[in-house]
Amino acid sequence: MAAKLEFNTTEFTLNNGHKIPAVALGTWRATEKDAAKNSVKTALTEGHYRHIDTAAIYGNEEEVGEGIKAANVDRKNIFVTTKLWNSEHKNVENALDESLKKLQLDYVDLYLIHWPVSTNPETKKPYDDHTFVDTWRSLQKIYKEGKKVKAIGVSNFTIKKLEKLLNSEGVDIVPAVNQVEAHPLLTQPELVDYLKSKNIYLEAYSPLGSSDSPLFKNPTIVEIAKKYQVEPAQVLISWAIQRKTVVLPKSVTESRVISNNKTFVLEDEDFEKLNKLSEKDGVVRTCDPDFNNFND
Ligand SMILES: NC(=O)c1ccc[n+]([C@@H]2O[C@H](COP(=O)([O-])OP(=O)(O)OC[C@H]3O[C@@H](n4cnc5c(N)ncnc54)[C@H](OP(=O)(O)O)[C@@H]3O)[C@@H](O)[C@H]2O)c1
């Protein structure tokens, strides 16, 4: 039974009313010359994407901007996300201006605190007089000015950290999203429920299991892909959308950029198999840098 694959045009509505396309092109490690530029251009043209995810630390904002320009799509029809790096938490407005300049944009649709970690760029250690709550207050101020960002959010925040943020003095904007690792071997059910209760969208990063992914070899995923005559990546991306998360597959391979935005609807039985996959095959987290603590 071949599945009916179609370019995905799903949009979700963020808690401030701004619309977000469900599928974004990821760009982490798209650093070889022209890789980000070409993949962004392909995504926005032949791939019918309307959403690009980058970050200052990826070192490719200039190329992402070139790719957007080369695609020649109306700015108001695309959604661009970038992220504030850890060393810039006391320097938010300048860091954002720098990103906008590199991207050749007047605004981004979404600006995220990349990690809940504020690091002194000189000592490389965490500040003792600044936390992510202070950083969030700076993002709020820029958001309220209404010019450079359409929405603000966080990334890699646990429930505990979100609770701390939301219960802090002077915090009156709820993050629009929390961008975290999510795929069938890391479904994060408690976080999913918590975010739903707060009207915060989950954005699924490393949805294919990142580089050298164990997911492409997982027998259940391979079997489901065979059943629908699609690629394993299309199973993973379709599943993420079906559970109403934004999904950010990365590829610098033209054919994959295009095929990754062609999705289909899984039957309930297969959707449930993927929801429960980690109970059988174990939980896998691929992105867990030393500077962060997911247990806090
Ligand atoms: N906020 C954060 O802290 C954070 C952390 C990690 C990631 N992210 C975001 O999420 C995005 C996605 O995560 P990710 O880059 O870690 O990994 P991913 O999207 O899960 O996987 C990317 C890997 O899968 C390969 N691939 C892509 N499509 C494929 C297909 N159809 N068939 C087989 N292989 C395929 C890619 O190879 P090729 O490129 O060679 O095709 C690449 O090696 C990032 O790019 C970034 O935008 C955010």
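In the predicted model, the lining of the largest pocket draws at least two residues from each of the helices α8 and α9, the latter spanning residues 254-260. By class, the lining of the largest pocket consists of 17 nonpolar, 13 polar and 7 charged residues.

Helix α8, which covers residues 232-242, also packs against helix α10, formed by residues 268-275; the two axes come within 11 Å and cross at roughly 95°. Because angles of 65 to 115 degrees count as roughly perpendicular, α8 and α10 are therefore assigned to that arrangement. On the α8 side, the contact involves Val235, Trp239 and Gln242, and these face Phe271, Leu274 and Asn275 of α10 in the contact. The residues joining α8 with α10 divide into 4 nonpolar and 2 polar, with no charged residue taking part.

The second largest pocket has a volume of about 450 Å³. It is lined by 22 residues, with Pro116, Val117, Ser118, Pro126 and Phe291 closest to the centre. Helix α5, running over residues 159-166, provides the largest share of this lining, namely 3 residues. The lining of the second largest pocket contains 8 nonpolar, 9 polar and 5 charged residues.

Methods: Residues numbered from 1 in each chain as written. Predicted model: local features only at pLDDT ≥ 70, side-chain atom pairs only at ≥ 80, totals over all residues. Heavy atoms only, no water. Axes fitted to C-alpha atoms, helices over the stretch in contact; angles between N-to-C directions. Helix = DSSP H or I, 4+ residues; strand = E, 2+ residues; numbered from the N terminus. Parallel < 35°, antiparallel > 145°, perpendicular 65-115°, else oblique. Contact = heavy atoms within 4.5 Å. Nonpolar A, V, L, I, M, F, W, Y, C, P; charged D, E, K, R; others polar. 1 Å grid on protein atoms, 1.4 Å probe; cavity = no way out; pocket = protein on both sides within 12 Å on 5 of 7 lines; lining within 4 Å. Points joined across faces, edges and corners; volume = space filled by probe spheres on them.
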